[in-house]
Amino acid sequence: MNGDTLPAFQAVDDYLDDLLSDAPSPLPAAAVERDSSWPPSTSGYLICTAAGVVVAIPMNQVADILPASSVEGDKVQADDGETRRSVRVVDLARILADHLHEPAADMLVVLHGWRWALACRSTEEETSRIASADIDWRVARPERRHRPWLGGMCKNGRRAVLDVVALLDMLDRDHRGNPSV
């Protein structure tokens, strides 16, 4: 191990501890009434990493997976079976923890709606089934002020579960306000 490896692991552990402390359990009944689609009912997740964090993305929100080598600037051309589309690419590591450095992404996860793709790293475990009861869900979307994209944390395995709908809302809002995103 080189001298800067331990602080990076410590930074990731501190970051994950902070994420876990934000995840109340159980979900308040009032939050469920305001957002009936939360938490999601899916159990299939795509597993990837970014900024040293293992991330679970609901498979029903994944439109396509492409090699990172297909990026041209900040966009990628993706084919949805009917049309060739230009999809904006954002580095998932930048969203999770801008201050942590990650090796270059090796895959792009095109999200539902074909507007955005997440640049991230693949893992040995590409997909996983995770029961809803095994996730500490965060409160409903309207009440999340910090990290709206964080839907919850897996109780086992320390995985962040993305709320793709909230992430897409955040990316669209940020892009309208700052076209360089």
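Start by selecting Asp163 and Arg144: both are buried. In this predicted model, the two residues form a salt bridge, with their closest N and O atoms 2.9 Å apart. Asp163 sits in the loop between β11 (159-162) and α4, while Arg144 is in the loop between β9 (135-137) and β10 (150-154), so the pair ties together parts that are 19 residues apart in sequence.

Next, select Arg115 and Asp172, whose side chains meet in a salt bridge (2.8 Å, N to O). Arg115 belongs to the loop between β7 and β8 and Asp172 to helix α4 (residues 164-177), so this contact ties together parts that are 57 residues apart in sequence. Color them by accessibility: Arg115 is partly exposed at 37%, whereas Asp172 is buried at 17%.

Stay with the hairpin of β7 and β8 and click on Gly113, which takes a positive phi near 100°. The hairpin has 4 residues between its strands. Strand β7 (residues 107-111) pairs antiparallel with β8 over 4 bridges, and Val110 has Ala117 as its bridge partner in β8.

Now show β8 (residues 116-129) with β1 (residues 44-50): these strands run antiparallel and are joined by 5 bridges. Look for Gly44, whose partner in β8 is Arg129.

What does Arg88 form with Asp74? The two make a salt bridge, with the closest N and O atoms 3.1 Å apart. Arg88 is buried at 11% relative accessibility, and Asp74 is partly exposed at 34%.

Methods:
Residues numbered from 1 in each chain as written. Predicted model: local features only at pLDDT ≥ 70, side-chain atom pairs only at ≥ 80, totals over all residues. Heavy atoms only, no water. Pairing = 2+ DSSP bridges. Helix = DSSP H or I, 4+ residues; strand = E, 2+ residues; numbered from the N terminus. Salt bridge = Lys/Arg side-chain N within 4 Å of Asp/Glu carboxyl O. Buried < 20%, exposed > 50% of the residue type's maximum accessible area, 1.4 Å probe, protein only.
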